[in-house]
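Thanks for coming. I have one structure to show today, and I will keep it short.

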Amino acid sequence: NNVKGLYIDYGYPYAKVEREAIKHLGIDMLPYEDHSYLTDIQKEGENLWGEIFPGRNWILSIIASKYIKSRGEIWMAAIGGEVKELWGDKSEYYFTNASRILSNQLNKSIRVTTPFKNFTKGQLVEWYIQQGLSVDLLKKTVSCHYITEYNQVPCGECMGCAHRFVGMSYNNIIETHEKDVKAFTKKLYTKEINNSLSEFSPQRLKEIKSAIE
């Protein structure tokens, strides 16, 4: 009950595009949060790890916590294969400790979690379709890290495009890209597919293979 979206601009170049997407999706939103001054941190993260904002979910959790009056949940969108036991700010360790720290410091009952931790990207899209929701509306979302205008064709050569391509292809949804997203996705994941000790779940590997074959 009473679920609302919160958009936090933390300085990424595609913030304007995402805000435009929100208008087209008609999501019930809390007030816009402008934290674009964090752009230097995200650039530092990109230089070190590529397309990664260090500690992003912790920062987002702190900002979101002010909207909880006495008790509530902060939902992240981490999905299956991203939620590890210990490492990073998408881990079980993070969710447990972020909940505890925020609750203790703010004297509120706060739970930081992800409702989709058992879903791969393909399963998440599949679940969405099974709810009878609009595929046309789904296509109005954006994932590309490098487009600068909402109606611009996605690049096809970033992690956002690759992840989306796998999830959509698994559900027979075809989208247009500027470059060959299938070739990029194959290049991105070939090493993981051939790794017998891969951390990817069998379902995620199945979806990737289905998309690139």
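This is a predicted model: local features need pLDDT of at least 70, side-chain atom pairs count only at pLDDT 80 or more; totals for chains, interfaces and linings use all residues.

Residues are numbered from 1 along each chain as its sequence is written, and side-chain values use heavy atoms, with hydrogens and water left out.

Start with helix α3, residues 56-65. Helices here are DSSP runs of H or I with at least four residues, strands are runs of E with at least two, and both are numbered from the N terminus. Buried means under 20% relative accessible area, exposed over 50%, and partly exposed in between, with a 1.4 Å probe and protein chains only. In α3, the buried residues are N57, L60, S61, I63, A64 and S65. Their cover includes the strands β1 (8-9), β2 (33-34), β3 (71-75) and β4 (109-113), and also helix α4 (92-106).

W58 is also in α3, but W58 counts as partly exposed because its relative accessibility is 30%.

Next, the loop between α3 and β3, which holds K69. K69 is exposed, because its relative accessible area is 81%. Its C-alpha atom is separated by 13 Å from that of N2, 67 residues apart along the chain.

Last, T185, in helix α8, residues 181-193. Is T185 buried or exposed? It counts as buried, because its relative accessibility is 0%. Leaving out residues up to four places away in sequence, T185 touches A162, F165, V166 and I212, where contact means heavy atoms within 4.5 Å.
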